[in-house]
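Please open the model in your viewer and keep the selection panel to hand. The stops below say what to select next and what is there.

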Amino acid sequence: MTTNRRNHYRLLHVQPDAPPEVIKAAYRALIATRHPDVGGNESEAVLLNDAYAVLSNPAKRAAYDAHRATRAAWRQGTANAAPAARPAPPAHACLMCHLGLPMQVERNTRCARCHAPLAPVRVIGPRAKPMDRRGIPRVSKSDWAIMHVDWQSDAIDVRMRDLSLDGISVYSGLELPRHRVVRIVGRSFDVVATVVGCRRLDAVFTVHASLASALFAESTGGFVSAIA
């Protein structure tokens, strides 16, 4: 990890989710005018080279992004204080805020108070239909999402690891206890899940959670539930 404390993405004028080809093009355009050989500033060229060396390497970029997420959580005063597990919600209630469920839960029903998705991922009963894997949106490890550890608290940034029928996995700057209910929202999904595991990985934590309810984006851009 480089000792340069500046924001590599800002130095290269790209967004944190920029693909490699965009980062490469931005670097080439900037270094062409900043390099000492063309009359540029040597210190600026060093910073650009430093930033590109990190962001052009997938492993270094992942570590850098995880480090940024940890620093953001620490600034919020949460990195060193894991939230305690909350009591289990009453039956027929929203898992996030414990508000009672409506009489009928449709495929796109959200909680009236916290707006979390309510449609269950798995339906129990003789007419239950297994969820089709094709209904799960593909996610990349370069994708970012936000995570709510409480329905009234501010969301924190997390980086995706995986999303499947079994659950969701993210990199987080915040350690979470088992059985903690969280809501994770990405560009193509909105899920409520229960933490089943959390372990430290260098400066961050890998959080694994089992899906309880979910809404997934349709190809048209709208959201649909995890069940048919």
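Which residue lies over the face of Trp-151? Select Arg-113 together with Trp-151: Arg-113 is placed over the ring face, 5.0 Å from the ring centre, where a charge counts as over a ring if NZ of Lys or CZ of Arg is within 6 Å of the ring centre and within 35 degrees of the ring normal.

Before going further, note that this is a predicted model, in which local features need pLDDT of at least 70 and side-chain atom pairs count only at pLDDT 80 or more, while totals for chains, interfaces and linings use all residues. Residues are numbered from 1 along each chain as its sequence is written, and side-chain values use heavy atoms, with hydrogens and water left out.

Next, select Met-147, Ile-168, Leu-176, Ile-184, Phe-189, Val-191 and Leu-211, which have the most contacts inside the largest nonpolar core, a set of 23 residues. Such a core consists of buried Ala, Val, Leu, Ile, Met, Phe, Trp, Tyr and Cys residues joined through side-chain atoms within 4.5 Å, and buried means under 20% relative accessible area, with exposed over 50% and partly exposed in between (1.4 Å probe, protein chains only). At least two residues of this core come from each of β1 (144-148), β2 (156-163), β3 (168-172), β4 (181-185), β5 (189-201) and β6 (204-217); helices (H or I, at least four residues) and strands (E, at least two) are DSSP runs, numbered from the N terminus. The strand that gives the most is β6, with five residues. Another core, of 18 residues, lies apart from this one and includes Ile-23, Ala-26, Leu-30 and Leu-48.

Now turn to the aromatic rings, where a search of the whole structure finds two pairs. Rings of Phe, Tyr and Trp (its six-membered ring) pair if their centres lie within 6.5 Å; planes under 30 degrees apart count as stacked, over 60 as edge-to-face and the rest as tilted. Select Tyr-9 and Tyr-64, a tilted pair at 6.0 Å centre to centre with 40° between the planes. Tyr-9 belongs to helix α1 (residues 8-11) and Tyr-64 to helix α4 (residues 58-75), so the pair ties together parts 55 residues apart in sequence. Then select Tyr-27 and Tyr-52, whose ring centres are 4.2 Å apart and whose planes meet at 10°, so this pair is stacked.

Finally, select Cys-94 and Cys-114. The structure holds zero disulfides, a disulfide being a pair of cysteine sulfur atoms within 2.5 Å; the cysteine sulfur nearest to that of Cys-94 belongs to Cys-114, 3.6 Å away. Cys-94 is buried at 2% relative accessible area, and Cys-114 also counts as buried, at 10%.
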